[in-house]
Amino acid sequence: MARLTLNPNATFELKVAVSVPGGSAEIGLTFKYRDRDEAKSWIDSHGNTTDAEVILDCVTAWDLDDEFSLENVRRLCKLYPAAPGDISGAYVRELLGIRRGN
């Protein structure tokens, strides 16, 4: 178990299951840390943004062979329509400490 600190890291890594036809596939993502107020503001600020913009606003890197770029994030969103919700949902759950049940 990690030691708690009142100076959290600026980023954190998380494996996210992305829904793909026939099941799911895992992608390793590096997310920006936000405190409670910043997380709420981030959630409230995405009413008129694209899925790719939402992802770029919370992810800093991924473990795919393809470069992490706006063009490739747009491609991910187009090829796997559930990916934006899977990624942003995992991000919010992790920031707010929401654990999924069995």
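**Rings, a histidine and a tryptophan**

Author: Let's start with the rings: the structure holds five aromatic pairs. Rings of Phe, Tyr and Trp (its six-membered ring) pair if their centres lie within 6.5 Å, and planes under 30 degrees apart count as stacked, over 60 as edge-to-face and the rest as tilted. Keep in mind that this is a predicted model, where local features need pLDDT of at least 70, side-chain atom pairs count only at pLDDT 80 or more, and totals for chains, interfaces and linings use all residues. Residues are numbered from 1 along each chain as its sequence is written, and side-chain values use heavy atoms, with hydrogens and water left out.

Reader: Why do the rings of Phe12 and Phe31 count as a stacked pair?

Author: A pair of aromatic rings is described by the distance of the centres and the angle of the planes. For Phe12 and Phe31 the centres are 5.5 Å apart, and the pair is stacked because the planes sit at 25°.

Reader: How many residues apart in sequence are the parts that Phe12 and Phe31 tie together?

Author: Helices (H or I, at least four residues) and strands (E, at least two) are DSSP runs, numbered from the N terminus. Phe12 lies in strand β1 (residues 11–20) and Phe31 in strand β2 (residues 23–32), so the parts they tie together are apart in sequence by 19 residues.

Reader: And what is the plane angle between Phe31 and Tyr91?

Author: Their ring centres are 5.0 Å apart. The pair is stacked because the planes are at 20°.

Reader: Is Tyr91 buried or exposed?

Author: Buried means under 20% relative accessible area, exposed over 50%, partly exposed in between (1.4 Å probe, protein chains only). Tyr91 has a relative accessible area of 0%, so Tyr91 is buried.

Reader: Which side chains make a polar contact with the side chain of His46?

Author: A polar contact is a pair of N or O atoms within 3.5 Å; within protein, one must be able to donate a hydrogen and the other to accept it, and residues adjacent in sequence count only if both atoms are side-chain atoms. His46 sits in the loop between α1 (36–44) and α2 (51–56). At 3.3 Å its side chain has such a contact with the side chain of Ser45, and at 3.1 Å with that of Asp57.

Reader: Where is Trp62, and how far is Ile27 from Trp62, C-alpha to C-alpha?

Author: Trp62 belongs to strand β3 (residues 59–62). Trp62 and Ile27 are 35 residues apart in sequence, yet in space their C-alpha to C-alpha distance is 7.1 Å.
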